[in-house]
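Here are my notes on this model. Please read them with the structure open.

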Amino acid sequence: MSSPFPENAPSLAFTKPLVSMVLLAVGLASVPPVEISIIAAQPYAAPGWNFAALLGGGVLAALAMTTLTLPLIDSATRHDAVRFE
């Protein structure tokens with residue numbers, strides 16, 4: 001069974017930094033509300049599924065935009081496209 005992707009298709013290795021930074025940002029952004037709820041002795045109201053869906057949609061949109069630029073970057077950074085003077 002052959003792959004639907006061409007042999008020179010970019011790998012998904014570029015997604016690891018983006019996804020890890022999103023997870024780090026979500027973790028760091030949730031620290032202050034948890035601290036405030038602990039100090040105020042009130043229960044913490046975690047974000048709902050709509051927040052996770054919106055966040056996931058944003059990450060997928062960023063990955064799609066990044067993937068769309070890869071052919072342009074590939075053509076601009078080929079060895080024969082670089083000028084040597």
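Where is the place of leucine 24?

1. Leucine 24 sits in helix H1, residues 15-29. Helices here are DSSP runs of H or I with at least four residues, strands are runs of E with at least two, and both are numbered from the N terminus.

2. This is a predicted model, where local features need pLDDT of at least 70, side-chain atom pairs count only at pLDDT 80 or more, and totals for chains, interfaces and linings use all residues. Residues are numbered from 1 along each chain as its sequence is written, and side-chain values use heavy atoms, with hydrogens and water left out.

3. The protein chain has 3 helices and 0 strands. The order from the N terminus is α-α-α.

4. Of the 85 residues in the protein chain, 6% are buried. Buried means under 20% relative accessible area, exposed over 50%, and partly exposed in between (1.4 Å probe, protein chains only). The chain's accessible surface is about 7400 Å². Carbon and sulfur atoms account for 72% of that surface. Areas come from the Shrake-Rupley method with a 1.4 Å probe; for residues, only the protein chains shown count as cover.

5. Leucine 24 is partly exposed, at 44% relative accessible area. Met21, Leu24 and Leu28 make a nonpolar surface patch of about 310 Å². Such a patch joins nonpolar side chains (Val, Leu, Ile, Met, Phe, Trp, Tyr) within 5 Å, from residues with over 30% relative accessible area and no salt bridge (a Lys or Arg side-chain nitrogen within 4 Å of an Asp or Glu carboxyl oxygen).

6. Check alanine 41, in the loop between helix H2 (31-39) and helix H3 (49-76). Its phi is near 55°, a positive value in a residue other than glycine. Most residues other than glycine have a negative phi. Alanine 41 is exposed, at 68% relative accessibility.

Notes
Patch = residues over 30% accessible without salt bridge, like charges linked within 9 Å, V, L, I, M, F, W, Y side chains within 5 Å.
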